[in-house]
Amino acid sequence: MSDYQMYIDGAFTEAESGDSYATYNPATGEKIADIAKGGREDVDRAVSAARKAFDEGPWPKMSGAERAALVRQMGEKIQQKINELAELEVKDGGGTIRKAMMADVNTCAGVFLKYAEYAESIPDTEDLPDFSVMPGLPGVPNYLKYEPIGVCGQITPWNFPLVMASWKIAPAIAAGNTIVLKPASITSLTALELARIADEVGFPPGVVNVVTGPGGTVGEAIASHPGVDKVAFTGSTEVGARIMQLAAPTVKKVTLELGGKSAGIVTEDVNLELAAKGILWGTFFHNGQVCESGTRAVVNEKIYDDLVSLMSEKAGTLKLGDPLDFATDEGPLVSQAQLETVERYVEIGKKEAKLVCGGSRASGDALDQGYFFEPTIFADVDNGDKIAQEEIFGPVLSVIKVKDDEEAVAVANDSMYGLAGAVWSNDIERAKGIAERMRTGTIWINEHHLLGPEHPFGGYKQSGVGYEMGVDGYRAYQAKKRIHVDANTDPNAHFTFSLIFSQ
Ligand code: NAD
């Protein structure tokens with residue numbers, strides 16, 4: 001029997017094939033557990049359960065307040081299990097215990113609590129203006145009714161397993177949908193713990209389903225399944241494009257949160273200490289394995305050299321080590337494969353630009369067995385270089401020199417991505433002017449990474465389609481029905497009929 005089973009129709013279950021696969025601790029390379037390895041037949045089972053729960057079950061018919069009561073319990077139980085969940089998140093996905101406690105579990109719980117509040121407070125009807133266009137028609141009232149979309153297939157990446165699962169599950173179920181979630185195969189454990197919590201809360205069977213297994217089979221089966229009404233995907237732009245293709249034949253609704261190569265623009269009047277710390281926070285938080293990481297620093301030439309040397313000095317103080325130790329600043333990367341990707345890009349960077357900090361696998365007693373890489377900074381990067389254009393998804397910062405704000409904005413916008421960005425400046429009005437010219441979905445002024453459940457998040461260009469979080473993220477899980485109400489029952493009073501009846 002697997003250590004971790006899938007969750008389908010209100011019960012934990014093995015894969016129909018009986019297959020399982022191992023998941024490893026990236027800090028030590030040791031196996032943690034065996035997980036049931038799902039296939040197409042398991043997706044069929046999960047989609048039928050979600051379909052039945054949507055088409056015949058109570059969940060979509062319940063009031064927002066009734067649903068909110070269960071969604072809120074989910075948030076509260078997650079908060080109560082902060083220690084277990086945080087430790088498991090670190091053992092399965094890397095990062096640090098400080099990040100897991102302060103950011104991952106708290107955010108995950110907060111998202112469920114916020115969407116419980118939205119389910120109670122966001123109205124599911126909205127008045128529209130009376131009908132007015134055709135001559136001879138008196139104003140006739142119209143209104144919108146918001147309804148759940150149906151069965152939602154949800155696919156998440158490995159970088160923030162708990163947070164990404166909460167972004168998917170909470171708004172979907174709060175709005176009355178049923179879901180089939182596939183977490184990233186290398187970091188599935190905490191999504192299965194969320195399924196356990198959902199089981200304790202007692203959602204009707206089939207409302208929440210979690211199918212584990214590879215993207216190429218389980219993910220493809222979800223994204224193409226005729227029983228799925230919407231697919232919400234977070235991951236790479238390459239796979240996001242594939243999801244659109246898979247969803248196209250059955251015209252599913254699609255939300256995509258994809259890759260990024262975000263720029264942090266630094267003006268010459270900045271507080272250097274703030275900019276240095278802020279850019280390193282923007283780049284090296286979770287080793288740069290964050291979609292909105294600010295991996296391009298676009299710096300005014302007047303302060304360029306000073307800022308590069310200050311950042312190099314500070315990056316050298318970040319402490320790599322045991323991720324379960326609260327004193328550790330940087331844990332391991334998620335996997336051997338990701339470590340190799342980073343190494344490959346760093347070798348390219350060494351040919352394209354000037355390495356000023358890091359550049360190698362980290363070594364030392366506690367580090368040799370795990371997937372640790374030094375925080376790495378390249379200076380004199382040209383924005384056309386591979387390391388400035390491609391998403392490395394690792395601890396690698398490219399620093400680019402510009403002469404003024406106009407060039408900085410042009411450089412920042414010269415990217416296929418448009419997910420996020422930052423402006424570091426002492427002049428807030430100037431910073432706002434720069435922010436408004438950047439072609440991305442989120443910009444921070446003198447900050448980075450702060451995402452709240454009340455704020456919409458989405459990408460420009462090839463960074464995504466649609467929005468998650470905030471009220472937009474709730475509406476993204478609703479269909480919108482317009483209802484036209486003509487109370488006049490006299491057949492002769494309907495001007496429209498005269499368009500086909502001449503008498
Ligand atoms: P990925 O695209 O490789 O995988 C994401 C998910 O898709 C995983 O669950 C994977 O198993 C599944 N998958 C893979 N191939 C599939 C296929 N053919 N059909 C269906 N599903 C498939 O991404 P990743 O490496 O797990 O995560 C890193 C990427 O995610 C980065 O590009 C990052 O920028 C992006 N990301 C974006 C956001 C955002 O909100 N915009 C947030 C986090 C991560």
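Asn287 sits in the loop between helix H9 (272-284) and strand E13 (296-300). Helices (H or I, at least four residues) and strands (E, at least two) are DSSP runs, numbered from the N terminus. The model is predicted: local features need pLDDT of at least 70, side-chain atom pairs count only at pLDDT 80 or more, and totals for chains, interfaces and linings use all residues. Residues are numbered from 1 along each chain as its sequence is written, and side-chain values use heavy atoms, with hydrogens and water left out.

Phi of Asn287 is near 60 degrees, a positive value in a residue other than glycine. Asn287 is buried, with a relative accessible area of 1%. Buried means under 20% relative accessible area, exposed over 50%, and partly exposed in between (1.4 Å probe, protein chains only). Lys461 also has a positive phi, of about 50 degrees, although Lys461 is not a glycine. Lys461 belongs to strand E20 (residues 460-461). Its relative accessible area is 37%, which makes Lys461 partly exposed.

The ligand site comes next. The ligand has 27 residues around it; Thr156, Glu220, Ser236, Leu258 and Glu391 come nearest. A residue is near a molecule or strand if one of its heavy atoms lies within 4 Å of it. By class, the shell has 14 nonpolar, eight polar and five charged residues. Ala, Val, Leu, Ile, Met, Phe, Trp, Tyr, Cys and Pro count as nonpolar, Asp, Glu, Lys and Arg as charged, and the others, Gly among them, as polar. H7, E10 and H8 each supply at least two residues of this shell.

An oxygen atom of the ligand is 2.5 Å from an N or O atom in the side chain of Glu391. For the side chain of Lys182, the distance from a ligand oxygen to an N or O atom is 2.9 Å. A polar backbone atom of Gly235 is 3.4 Å from an oxygen atom of the ligand. The protein covers 88% of the 840 Å² of accessible area that the ligand has on its own. Accessible areas come from the Shrake-Rupley method with a 1.4 Å probe; for residues, only the protein chains shown count as cover.

Helix H8 (residues 237-247) has Thr237, Gly240, Ile243, Leu246 and Ala247 as its buried residues. These pack against strand E7 (151-155), helix H7 (215-224), strand E10 (230-234), strand E11 (253-257) and strand E17 (417-418). Contact here means heavy atoms within 4.5 Å.

The whole structure holds 24 salt bridges. A salt bridge is a side-chain nitrogen of Lys or Arg within 4 Å of a carboxyl oxygen of Asp or Glu. Asp55 and Arg51 form one at 2.9 Å, N to O. Both lie in helix H1 (residues 40-55), four residues apart, about one turn of the helix. Asp55 is partly exposed, at 44% relative accessible area. Glu200 pairs with Lys77, the closest N and O atoms being 3.6 Å apart. Glu200 lies in helix H6 (residues 189-201) and Lys77 in helix H2 (residues 64-80), so the pair ties together parts that are 123 residues apart in sequence. Glu200 is partly exposed at 41%, and Lys77 is partly exposed at 22%. Salt bridges that share partners join Glu16, Asp42 and Arg45 into one network.

How values were computed:
Polar contact = N/O pair within 3.5 Å; in protein donor to acceptor, adjacent residues only side chain to side chain.
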